[in-house]
Amino acid sequence: MRVAGILLVEDDPSVRTALELALTRQGHSVTSYATGEEALDHIRARRPEIAILDVMLPGIDGIEVCRRVRKLDQLPVILLTARGDDLDVVVGLEAGADDYVVKPVEPRVLDARIRAILRRAESAASDRITFGDLVIDRGALKVTLAGKEIHLTPTELRLLLELVRHPGQVLNRRYLLRAVWDHTHIADSRLVDACVQRIRAKIEPRPAEPVFIHTVRGFGYRFSPP
């Protein structure tokens with residue numbers, strides 16, 4: 001795989017150095033900082049391909065960095081969270097993070113997550129799918145609703161495409177987790193739920209009463225266009 005331009009933000013010098021060295025050995029190009037403010041300046045000056053943000057940063061924390069990035073950009077984001085801190089995970093996913101890795105970080109796991117996200121960003125077929133006012137152009141990685149462009153992250157787009165490929169069928173969370181995130185641990189199913197919520201907020205006329213993506217309680221989600 002091509003070299004990825006990674007932004008790593010971690011305030012612990014030893015952890016930052018270890019991760020930077022490990023990711024560099026995996027063939028990535030890594031730029032690292034200790035604060036959220038430095039990260040935002042870097043993104044504005046030279047956009048990376050993916051950002052890895054520690055949740056607990058001095059000043060602007062990783063979740064707030066992710067939230068600010070999402071207002072302007074669909075840059076893929078992975079959060080580094082403390083073990084067992086479910087609140088950080090939930091808030092981070094709601095802020096728009098694509099994935100999370102629990103500390104202490106195993107470099108091989110982090111590298112696998114990075115490569116999975118990059119594959120999602122690159123995997124698009126050259127065709128258009130139309131469901132009423134909703135148009136998905138997989139070649140251009142573009143989604144429009146009633147003629148207005150909808151900005152989705154690569155992960156959001158991949159999940160939407162996976163649902164669209166099976167119209168009317170119920171896809172369970174385990175299947176979606178494996179197909180979109182390359183994960184197999186069912187405890188990570190909240191990634192699916194949070195991503196569906198973000199997609200609904202962008203494509204549904206009334207997210208609380210979805211017409212495209214329906215929840216099937218106890219099973220998963222079904223794409224059923226009106």
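Good morning. A helix axis here is a line fitted to the C-alpha atoms over the stretch in contact, and angles between axes run from 0 to 180 degrees between N-to-C directions. Please keep that in mind as we look at this structure, which is a predicted model.

I begin with a pair of helices. Helix 2 spans residues 36-45 and helix 3 spans residues 62-72; their axes come within 10 Å and cross at roughly 20°. Because angles under 35 degrees count as roughly parallel, helix 2 is described as roughly parallel to helix 3. The crossing of these two helices is right-handed. Which residues of helix 2 and helix 3 meet? From helix 2 they are Gly36, Leu40 and Ile43, and from helix 3 they are Val65, Arg68 and Val69. Sorted by class, this contact has four nonpolar residues, one polar and one charged.

An unreviewed UniProt entry annotates Asp54 as "modified residue: 4-aspartylphosphate". Is Asp54 buried or exposed? Its relative accessible area is 4%, so Asp54 is buried. Leaving aside residues up to four places away in sequence, Asp54 touches Val9, Glu10, Asp11, Gly62, Leu80 and Lys103.

Pro76 counts as buried because its relative accessibility is 4%. With residues up to four places away in sequence again left out, the contacts of Pro76 include Arg47, Glu49, Asp98 and Pro154. The C-alpha atoms of Pro76 and Ile114 are separated by 9.2 Å, although the two residues are 38 residues apart along the chain. Thank you.

Definitions and conventions:
Residues are numbered from 1 along each chain as its sequence is written. This is a predicted model: local features need pLDDT of at least 70, side-chain atom pairs count only at pLDDT 80 or more; totals for chains, interfaces and linings use all residues. Side-chain values use heavy atoms; hydrogens and water are left out. UniProt positions are given in the numbering used here, feature names are shortened, and annotations may be inferred rather than shown by experiment. Buried means under 20% relative accessible area, exposed over 50%, partly exposed in between (1.4 Å probe, protein chains only). Contact means heavy atoms within 4.5 Å. Helices (H or I, at least four residues) and strands (E, at least two) are DSSP runs, numbered from the N terminus. Angles under 35 degrees count as roughly parallel, over 145 as roughly antiparallel, 65 to 115 as roughly perpendicular and the rest as oblique. A crossing is left-handed if the near helix is turned anticlockwise from the far one by less than a right angle, and right-handed if clockwise. Ala, Val, Leu, Ile, Met, Phe, Trp, Tyr, Cys and Pro count as nonpolar, Asp, Glu, Lys and Arg as charged, and the others, Gly among them, as polar.
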